[in-house]
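Take a look at the sequence and the 3D structure below. Then we'll walk through a few of the features together.

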Amino acid sequence: MAKKKGNNYVIDEANNIAKIELHRTKLENLWTIIDLEDLERVINFPYTWFAKYNKPIDDYYACASEYIPELKHSRPIHLHQFIMNTRDNHVDHINHDPRDNRKENLRVILPNENLKNREGKNKNNHSGYRNVCWDGSRWIVQLQVDGKNKILKRFMKDELELAAKYAEEMRNKYYGVYAGNG
């Protein structure tokens with residue numbers, strides 16, 4: 001195990017990756033993975049990478065705080081944006097694992113595409129299926145189309161499984177590669 005800038009790391013040449021330890025205050029540290037070709041650039045970055053909690057996904061991203069002397073404060077840098085050489089664009093984790101920062105798992109996308117590619121249903125969902133809700137008399141399949149919430153179809157009380165299948169088909173139709181998991 002090597003140490004640089006406060007981060008331990010492990011090289012896994014067999015899989016062509018490096019694992020970087022991410023600090024967490026008063027909690028067990030986490031690890032992120034990157035492509036081996038990015039290791040030198042990542043460990044030579046002058047700030048320590050740490051695990052930053054993200055409430056909406058209930059998970060952690062790899063981040064660093066970069067101090068800006070002329071502004072006299074720090075700003076966060078996400079490892080996935082650093083690896084993809086972008087600060088202003090959204091970077092999506094294709095497999096929904098925010099600590100898998102290999103380039104094959106990252107893609108630069110638009111904000112609305114990033115919102116489409118998510119895993120699972122909303123926390124307040126009672127149907128058990130993404131994009132399916134109960135309106136008091138029927139199951140409704142609804143999703144965002146062209147930036148607006150649209151009701152696509154209604155199903156009878158005993159047709160929940162049909163509604164779930166239809167919701168998945170519609171996500172694939174409207175969202176394509178960004179359909180995510182249901």
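What follows is a short tour of a sheet, a helix and some salt bridges.

## A sheet of three strands

First, keep in mind that this is a predicted model. Let's begin with an open sheet of three strands, which run in the order β5-β6-β7 and pair antiparallel. In general, strands of a sheet pair through backbone hydrogen bonds, and the pairing can be parallel or antiparallel. Here β5 (50–54) and β7 (73–78) sit at the edges with a single partner strand each, so one side of each has no neighbour in the sheet. The sheet's neighbouring strands are turned by 50 degrees against each other on average, direction ignored.

Now zoom in on β6, which covers residues 59–68. Six bridges join β6 to β7, in the antiparallel sense. If you'd like a pair to find on screen, A64 stands opposite I77 in β7.

## Helix α4 and its two faces

Next up is α4, a helix of 16 residues (160–175).

Which residues of α4 are buried? They are L160, A163, A164, Y166, A167, M170, R171 and Y175. Looking down the helix axis, you'd find these buried residues within an arc of 165 degrees, which means they line one face of α4. The face turned away from that buried side carries E161, K165 and K173, which are exposed.

Side chains of opposite charge can pair when their charged atoms come close. This model has 10 salt bridges. E66 makes one with R75 (3.3 Å, N to O) and another with R87, where the closest N and O atoms are 3.1 Å apart. E66 lies in strand β6 while R87 lies in the loop between α2 (79–83) and β8 (90–93), so this pair ties together parts 21 residues apart in sequence.

How accessible are these residues? E66 has 17% relative accessibility and counts as buried, because the cut-off for buried is under 20%. R75, at 35%, is partly exposed, and so is R87, at 41%.

Another salt bridge joins E104 and R102, with 2.6 Å between the closest N and O atoms. E104 is exposed at 61%, whereas R102 is buried at 19%. Finally, E37, D38 and K103 are linked in a salt-bridge network.

Conventions: Residues are numbered from 1 along each chain as its sequence is written. This is a predicted model: local features need pLDDT of at least 70, side-chain atom pairs count only at pLDDT 80 or more; totals for chains, interfaces and linings use all residues. Side-chain values use heavy atoms; hydrogens and water are left out. Two strands pair if DSSP finds at least two bridges between them. Helices (H or I, at least four residues) and strands (E, at least two) are DSSP runs, numbered from the N terminus. Axes are lines fitted to C-alpha atoms, for helices over the stretch in contact, and angles run from 0 to 180 degrees between N-to-C directions. The expected span of a helix is 1.5 Å times one less than its number of residues. Buried means under 20% relative accessible area, exposed over 50%, partly exposed in between (1.4 Å probe, protein chains only). The arc is that of the directions from the helix axis to the C-beta atoms. A salt bridge is a side-chain nitrogen of Lys or Arg within 4 Å of a carboxyl oxygen of Asp or Glu.
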